[in-house]
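Here is a short briefing for someone meeting this structure for the first time. Keep the view open while you read.

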Amino acid sequence: MSTTAVSPGAPLGGRAALTAKDVAVAAPLPDVMQPKRVRKGLFGYLMRHPNIAIGGFLLLLMVAIAVFAPFLWTKDPTALAPVMRTRNPSASAWFGTDMLGRDVYSRVLYGARVSLMVGFGVAFFASIIGLTIGLVSGFVRWADSIIMRIMDGLMSIPSILLAIALMALTRGSVGNVILAITIAEIPRVSRLVRGVVLSLREQPYVEAAIASGTRTPVIIWRHILPNTMAPMTVQATYICAAAMLIEAGLSFIGAGTPPIIPSWGNIMAEGRALWQVKPYIVFFPAIFLSITVLAVNLLGDGLRDSLDPRAAKRV
Amino acid sequence: MSTSMTSHSARHGTPPLLEVNDLKKHFPIRGGFFGNTTGYVYAVDGVSFHINKGETLSLVGESGCGKSTVGKALLRLFAPTSGQVVLDGRRIDDLSQGQLRPIRRRVGVVFQDPFSSLNPRMRVKDLLAEPIRNYGLAKNGAELDERLAKLMDLVRLPRDAVSRWPHEFSGGQRQRICIARALAGEPDLIICDEAVSALDVSVKAQIVNLLQDLQRQLGLAMLFISHDLAIVEHMTHRVAVMYLGKIVEVAPRRSLFGAPKHPYTEALLSAVPVPEPGAARKRIVLTGDVPSPINPPTGCRFHTRCPYAFDRCKTDVPELQQTQPGQWAACHLHDLPEARNPLSRSLPAAA
């Protein structure tokens with residue numbers, strides 16, 4: 001290239017002075033965009049979305065632990081053994097024992113059941129109820145301002161305080177914990193759905209459907225609902241993570257699941273008094289809780305990026 | 001203004017397909033803690049016109065003058081504030097949505113943006129089948145397929161394209177699908193809301209020609225809402241010019257483009273490029289912006305920008321008056337003696 005290029009100092013001197021050898025010929029451009037092989041199928045999808053792969057794997061692991069807890073070399077999580085109190089982790093008690101001699105390893109594994117049940121239960125019920133409220137709010141104009149003021153009211157109370165209040169009114173049980181946290185999480189879903197519905201209603205294809213004589217329930221089912229599914233799925237994962245944290249918090253302050261059922265919050269609450277001398281009682285349930293919440297959040301981020309490629313660039 | 005309608009019916013004997021009388025749409029502006037109404041946007045403020053069977057009426061005007069609002073109010077995508085809409089002798093503006101549903105079949109609509117007009121999660125056949133099923137036009141699958149094939153032929157798309165998704169088509173092809181959907185209910189009237197504005201020039205021409213062919217073939221009436229005067233001049237029978245929610249002039253195409261009777265029409269026409277060097281029209285440049293439809297000017301709404309405005313324009317609201325047969329303009333200039341009226345020039349007889 002350097003031999004044929006016009007040197008910077010030499011004047012071009014008009015058209016006549018230009019000969020074939022003065023004309024610079026550009027070297028072929030290097031392939032900046034290498035042709036990329038895109039893998040198909042589930043494996044390719046997971047390779048392109050590592051957040052979903054890692055989050056999904058960790059979450060599946062936790063679900064497996066919760067389901068198969070009795071077969072994972074656990075003992076009875078509620079069996080007291082006063083002689084074996086506050087033992088350090090060892091070959092016989094992998095995570096040690098607590099102040100009543102119960103096996104922490106068994107309790108943490110069984111505790112996963114409560115956390116996951118609360119997480120999935122709240123995500124499911126809050127999504128269904130919030131979706132319904134959001135659709136009504138988005139379509140029934142006169143009900144909208146009333147519903148939204150109620151939702152604003154619910155949102156102005158910190159969700160853990162609201163859950164404590166609701167738990168104080170009822171008996172401590174896993175079902176009531178799910179109910180209390182669901183009520184606290186409904187406004188988030190209904191606000192999201194209402195926003196999506198309001199923007200979709202203005203879409204020309206919805207207006208065209210109305211002009212084509214389509215009934216409102218069919219419009220909701222055919223044109224609105226499918227387009228709310230993506231943001232709903234993402235929101236549900238975040239609610240799942242938040243619910244697990246709130247459940248742990250509730251159990252930690254004694255307003256959650258009854259002490260007879262081991263949950264990560266319970267175990268931590270019972271280990272709190274010995275936290276400085278026997279930190280492992282708090283440490284193991286805490287690490288399990290963190291990993292589970294991290295897994296759900298990773299999954300949520302991955303789903304958000306995968307369902308809406310534009311959102312990934314903006315963040 | 002209703003005088004223009006009655007006189008029309010009386011003159012021609014046959015009632016028009018669509019008659020709109022004094023249509024108003026005021027959008028409330030809500031503010032404050034309790035969401036009380038603090039004012040109104042006078043988007044459409046007393047619009048009257050009619051469309052005959054098989055005729056194209058173009059509704060033109062600049063952005064925000066309320067022309068799309070007229071179209072959407074006719075479709076009852078929102079309820080009009082007041083006024084009458086009469087379709088083929090039957091008043092339809094006071095019907096409930098349920099009563100209106102079977103009548104919707106007679107009016108099709110094509111929107112501006114061909115990309116957001118089609119639900120991305122539905123195949124072409126489902127998009128087109130929606131109105132056919134809603135109106136019960138096909139008794140079984142075979143009849144439905146027959147109708148789908150006929151629609152695809154009408155808009156010159158290959159029949160086997162019905163099983164494809166909207167994203168597999170170009171903008172022009174999508175607009176053809178939208179037209180097919182508008183035709184699915186076998187309407188008498190099609191409302192084209194800026195239907196070709198989002199397309200590039202060559203595609204625009206194809207779609208305009210398609211619409212004209214369909215009109216001849218099926219005897220359709222069309223309400224062609226547009227801001228593109230060059231296209232309007234090419235395809236319309238009559239033109240209604242809107243400014244700030246009111247119609248300022250209605251006229252047959254040739255009279256309107258040849259000898260406009262309203263200063264706003266004159267200014268609009270002077271902005272259309274003429275594809276001949278040296279043949280440019282006298283350019284009238286309007287100063288200032290369009291006033292706000294929240295607080296429209298008193299008297300004639302155009303007086304703030306009108307080059308010929310005089311005292312009366314600030315106080316009196318001009319009504320549409322007939323200046324030539326078929327040509328109606330809302331302007332006080334026509335009450336002045338002819339010598340002082342800059343718009344008195346009529347169309348040359350042999351143009």
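The notes below cover chain B, its two sheets, a helix of chain A and the contact between the chains.

The model is predicted. Chain B has 11 helices and 12 strands. The contact between the chains draws on 14 residues of chain A and 20 residues of chain B.

**Chain B overall**

- The C-alpha trace of chain B spans about 70 × 60 × 45 Å along its principal axes.
- A compact globule of 351 residues would have a radius of gyration near 20 Å, and chain B, at 21 Å, agrees with that.
- Of the 351 residues in chain B, 41% are buried.
- Take the contacts in chain B between residues at least 6 apart in sequence: 63% of them join residues at least 24 apart.

**The four-stranded sheet of chain B**

- This open sheet runs in the order β2-β1-β4-β5 (chain B), and its pairing is antiparallel.
- Its edges are β2 (36-51) and β5 (90-91) of chain B, each of which pairs on one side only.
- Helix α2 (residues 67-74) of chain B packs on this sheet. Helix α2(B) touches β1 (18-31), β2 and β4 of chain B, and its direction makes about 80 degrees with that of β2(B).
- Strand β4 (residues 82-87) of chain B is joined to β5(B) by two bridges, and the two run antiparallel.
- Val86(B) has Arg91(B) in β5(B) as its bridge partner.

**The eight-stranded sheet of chain B**

- The order of this open sheet is β6-β7-β8-β3-β9-β10-β12-β11 (chain B), with mixed pairing.
- At the edges are β6 (107-110) and β11 of chain B, and each pairs on one side only.
- Direction ignored, neighbouring strands of this sheet are turned by 20 degrees against each other on average.
- Helix α6 (residues 171-183) of chain B lies across β6 and β7 (189-193) of chain B. The angle of α6(B) to β6(B) is about 170 degrees.

**Around strand β12 of chain B**

- Three bridges pair β11 (residues 321-324) with β12 (residues 327-329) of chain B in the antiparallel sense.
- Opposite Gln321(B) stands Ala329(B) in β12(B).
- The hairpin of β11(B) and β12(B) has two residues between the strands, and Gly326(B) takes a positive phi near 85 degrees there.
- Strand β10 (residues 246-252) of chain B also pairs with β12(B), over two bridges and in the antiparallel sense.
- Here Glu249(B) stands opposite Ala329(B).

**Helix α5 of chain A**

- Which residues of helix α5 (residues 159-169) of chain A are buried? They are Ser159(A), Ala163(A) and Met167(A).
- Seen down the axis of α5(A), these buried residues fall within an arc of 70 degrees, so they line one face of the helix.
- The buried residues of α5(A) pack against α6 (174-201) and α8 of chain A.
- On the face turned away from the buried side, α5(A) carries the exposed residues Leu161(A), Ala168(A) and Leu169(A).

**Where chain A meets chain B**

- On the side of chain A that touches chain B, the elements giving two or more residues are α7 (204-211) and α8 (216-252) of chain A.
- Helix α7(A) gives the largest share of that side, seven residues.
- By type, the residues on that side of chain A divide into seven nonpolar, six polar and one charged.

Notes:
Residues are numbered from 1 along each chain as its sequence is written. Chains are lettered from A and ligands numbered from 1 in the order in which they are written. This is a predicted model: local features need pLDDT of at least 70, side-chain atom pairs count only at pLDDT 80 or more; totals for chains, interfaces and linings use all residues. Two residues are in contact if their C-beta atoms, placed from the backbone, lie within 7 Å. Ala, Val, Leu, Ile, Met, Phe, Trp, Tyr, Cys and Pro count as nonpolar, Asp, Glu, Lys and Arg as charged, and the others, Gly among them, as polar. Two strands pair if DSSP finds at least two bridges between them. Axes are lines fitted to C-alpha atoms, for helices over the stretch in contact, and angles run from 0 to 180 degrees between N-to-C directions. A residue is buried if 20 or more other C-beta atoms lie within 10 Å of its own, exposed if 12 or fewer, and partly exposed in between; C-beta atoms are placed from the backbone. The arc is that of the directions from the helix axis to the C-beta atoms. The radius of gyration is taken over C-alpha atoms; the globule rule is 2.2 Å times the number of residues to the power 0.38.
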